[in-house]
Amino acid sequence: MDQPTVGILHPGSMGAAVAACAATNAAEVLWCETGRSTASTERAARFGLAPVASLTELLDRSDIVISLCPPAAAEGLARDVAGHHFAGLYVEANAISPERTKRIAALLESDATVVDGGVVGSPPVGGKTPTLYLSGPDDATVSIEALFADTAVRTAALGAEVGKASALKLSYASFQKTSRVLVALAVGMAREHGVDQELIEVASRRTDSYLSEPQYVAKAAARAWRWGPELEEAADTLAAAGLPPEMLRAAASTLARWNDAKDDSSLTLADALDRLAQP
C-alpha cells in the first residue's frame, strides 16, 4: 500500500502522537472533529492531523483506520465503523482484553481486515519510542510495519492470531501499573508515620525499584482515569485464564480515587497522596 490515507479515531495524547508518526509514510492522516473537545481539536492541530466533518467521511477516505481510545469506548466505536461497512485495514490498538479484541474482529471481518495492536511505552514525543505490537494476517501487519517505518513508533509482529498483541499489552500493564499503585500506597503509609523520606532512601539503594521513584506517583494519579479501566481489562483476562483477578481489581479501585485528577500536570506527590487518603 503506497502512501495510504490514515484515519485516527479519538486522538488522545497517545493516539495523536502515534498518528503524527504515521503521517511520515501516509498521504494524509484524518480525524473527525465533530463532538470532540477543544483540547482534542488543539491537540490534533498541533500534531498536524487533517480534520473531517463526519465519521462517514473519514471512513470513506481512509485506507487504514487506527482505533486508540479509552477501553470502554472500543467496542462501541468498532460497531459504528462496522455500520459504515468500512472495507480497509482496521487496527484495534486499544488496551482491551484478547476476548474483546476477538469480538471486535468478528464484528468487522465481513468487510474489513483487522489487526490487533498493543502500544507499550509512552507517547512518541520528546525522544520516546514506544513499540506497537501487532498480530493478525501477515500482509496486513506488513502494511502497518511499513506505515511506521523510520518513525519513533517501533513495530513488532507476534504472528497471525488476533488477541496476542492485546494479551501482551495487558500482561505488561498489569505489572507496570499495579507496581505504581503499590508505590503510592507504600509512600502514603510511610508518610502517615513520618518515615516517607527514609523509605525513599532505602529504596534508592536499589536502582531497579519503582519505590525509588515516588515522584512518578503524581503522574500515575493524572493518568488514573485510563489506567483503571486498563487494569479492569487485565483482570478480566486473568479471570478468563483461570488466574485470580482480585489484585488487579483492587489496584483499579485504588486508581479510581484519582479519577478527578484527570490529566492534571500540576499535581504534586503530596497532592496525589492526599487525594488517595480521601475515600
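## Charges over rings

Let's start with Lys262, which lies over the face of Trp225 at 4.3 Å from the ring centre. Please keep in mind while you look around that this is a predicted model.

Tyr210 takes part in a contact of this kind too: the charged end of Arg180 sits over the Tyr210 ring, 3.8 Å from its centre.

## The aromatic pair

The structure holds 1 aromatic pair. Its partners are Phe175 and Tyr210, with 6.1 Å from centre to centre and 35 degrees between the planes, a tilted arrangement. Distant parts of the chain are linked here, since Phe175 belongs to helix α7 (residues 164-192) while Tyr210 is in the loop between α8 (196-204) and α9 (216-240), 35 residues apart.

Phe175 is exposed, with a relative accessible area of 51%, and Tyr210 counts as partly exposed at 23%.

## Salt bridges within reach of one turn

Turning to charged side chains, a search of the whole structure finds 13 salt bridges. One of them joins Glu57 and Arg61, at 3.0 Å from N to O. Why do Glu57 and Arg61 sit about one helical turn apart? Because they are 4 residues apart in helix α3 (residues 55-61). Glu57 is partly exposed, with a relative accessible area of 29%, and Arg61 is partly exposed as well, at 37%.

Another salt bridge is formed by Arg205 and Glu201, whose closest N and O atoms are 3.7 Å apart. Arg205 counts as exposed at 63% relative accessibility, whereas Glu201 is partly exposed at 47%.

Is Glu75 buried or exposed? Its relative accessibility is 16%, so Glu75 counts as buried, the cut-off being under 20%. Arg103, in contrast, is partly exposed, with a relative accessible area of 46%.

Notes
Residues are numbered from 1 along each chain as its sequence is written. This is a predicted model: local features need pLDDT of at least 70, side-chain atom pairs count only at pLDDT 80 or more; totals for chains, interfaces and linings use all residues. Side-chain values use heavy atoms; hydrogens and water are left out. A salt bridge is a side-chain nitrogen of Lys or Arg within 4 Å of a carboxyl oxygen of Asp or Glu. Helices (H or I, at least four residues) and strands (E, at least two) are DSSP runs, numbered from the N terminus. Buried means under 20% relative accessible area, exposed over 50%, partly exposed in between (1.4 Å probe, protein chains only). Rings of Phe, Tyr and Trp (its six-membered ring) pair if their centres lie within 6.5 Å; planes under 30 degrees apart count as stacked, over 60 as edge-to-face and the rest as tilted. A charge sits over a ring if NZ of Lys or CZ of Arg is within 6 Å of the ring centre and within 35 degrees of the ring normal.
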